[in-house]
Structure formats: structure tokens, C-alpha cells
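Morning, everyone. Please have the viewer open while I talk. I'll go through one model, region by region.

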Amino acid sequence: MEILTLGNELLRQRTERINSINSEVTHIAAKMLELLIQQKGIGLAGPQVGYMHRIFVAKLEKSPGLVFINPSVIETSEETEKCEEGCLSLPGVWADVVRPSSVRVQAWNEKGRPFTLETNGLLARCILHELDHLDGVLFIDHLSEVKRNRLLAKFEKGQRV
Ligand SMILES: [Zn+2]
């Protein structure tokens, strides 16, 4: 399992629902968490490893890893927050992104148990960022075209070095 980076078409595709949370899915979730920790990220979505299904994992420092299967947003706050974001699929690219400050999400875990989570701060931001990945959306898509092009030029320059 390796992380796909910008330019790979899979990062721009929508993913499919997972029909059954079987041992293969459990295995993939464990692998994704392992890779996430190894890469020192806080979130990793299926498409980033070429697995085109609705799953992402999240792990903030010191807290246990969370697996979200077939997640859906129930509610987001009207209040927003601006914070710097990066992405394992866009190494070296960082930018301020405005997102709702809190989110309520429903999903299934790797054991097939449904859960609802209401959270704010960094975890809310991470969840919204990863949910975007499941629909082929990257954090740079939330920026102005000027800002995005500037970052992309910088990213491409970095990739050539
Ligand atoms: Zn990302």
C-alpha cells in the first residue's frame, strides 16, 4: 500500500459504498491506519491508496485510530474556522482553508458497528477533509483559483527536484 499523489486520476474520482464490512475491509482499514501513523498524518482516505470505496481513517496524536466506513454528514455548524491544512497526497503544500467548525457524522467502524460522532476543532477539520477525498475533492479546491494555481506551480516545481 502506498500513497498516491496529485496527478493520479484516482484522487479525482468518486468512490463507491462498501456493501459488506468483511475481513478484507477490516484488513484494509488496519493497513491504512498503519500507513497513516508511519507517514505522521492525521487522516487518510481510500482513494489516497487507490482503494475506491467510502472509507477513511483518522488519528490525532495520543487518541486511538478511528475508522469511518460509508460516512455521512448529519450536520455541520454555520460557524466556520480558518486553519492551515496539508495532505499526504500533496506533499509540501499547505494552505489556509475555511470549513465549518464542528460536524456531526454517522458511519460504521471496522467491526461493522454504526456510530455517530459530534466533534470540533482539528478532528472536525480532518473528517471534512477526508470526506471530500471520497468525492474526488482536494483541499486546494476550496481556495481561490489564483491561490490554487500558485500552490500547484510550487508543488510541480517541488516534484521535479
Ligand atoms: Zn488529504
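Start with Glu-2, which sits in the segment before α1, the helix of residues 23-38. One reminder: this is a predicted model. Is Glu-2 buried or exposed? Exposed, because its relative accessible area is 60% and the cut-off is over 50%. Beyond its neighbours within four places in sequence, Glu-2 is in contact with Leu-35, Gln-48 and Val-49. Now look along the chain to Asn-19, 17 residues from Glu-2. Their C-alpha atoms are separated by 24 Å.

Next, the inside. The largest nonpolar core holds 16 residues. Which ones have the most contacts within that core? They are Met-32, Leu-44, Tyr-51, Ile-55, Val-57 and Val-67. At least two residues come from each of α1, β2 (55-58) and β3 (66-76). The top contributor is α1, with seven residues.

There is also a second, separate core, of 15 residues. Among its members are Ala-58, Phe-68, Val-105 and Ile-127.

Back to Val-57 for a moment. Leaving out residues up to four places away in sequence, Val-57 touches Ala-29, Met-32, Leu-33, Leu-36, Ile-42, Gly-43, Leu-44, Leu-66, Val-67 and Glu-130.

Now a loop. Ser-101 lies between β5 (95-100) and β6 (102-108). Ser-101 counts as buried, because its relative accessibility is 7% and the limit is under 20%. What does its side chain have beside it? A polar atom of the Ser-101 side chain lies 2.8 Å from the backbone oxygen of Glu-79. Again setting aside residues up to four places away in sequence, Ser-101 touches Ser-77, Glu-79, Thr-80, Glu-81, Thr-119, Asn-120, Gly-121 and Ala-124.

Last stop, the zinc ion. Which protein atoms are its donors? Cys-87 through SG, and His-129 and His-133 through NE2. These donors lie 2.0 to 2.3 Å from the zinc ion. The spacing of the donor residues in sequence reads C-x41-H-x3-H. Why are His-129 and His-133 about one helical turn apart? Because they are four residues apart in helix α2, residues 121-134. Both histidines, His-129 and His-133, are buried.

If you want to check angles at the site, keep the reference values to hand. Ideal angles at a metal are 109.5 degrees for four tetrahedral donors, and 90 or 180 degrees for six octahedral ones.

That's my tour. Over to you.

Note on methods. Residues numbered from 1 in each chain as written. Predicted model: local features only at pLDDT ≥ 70, side-chain atom pairs only at ≥ 80, totals over all residues. Heavy atoms only, no water. Buried < 20%, exposed > 50% of the residue type's maximum accessible area, 1.4 Å probe, protein only. Contact = heavy atoms within 4.5 Å. Donors = N, O, S within 2.8 Å, 3.2 Å for Na, K, Ca; no water. Core = buried A, V, L, I, M, F, W, Y, C linked by side-chain atoms within 4.5 Å. Polar contact = N/O pair within 3.5 Å; in protein donor to acceptor, adjacent residues only side chain to side chain.
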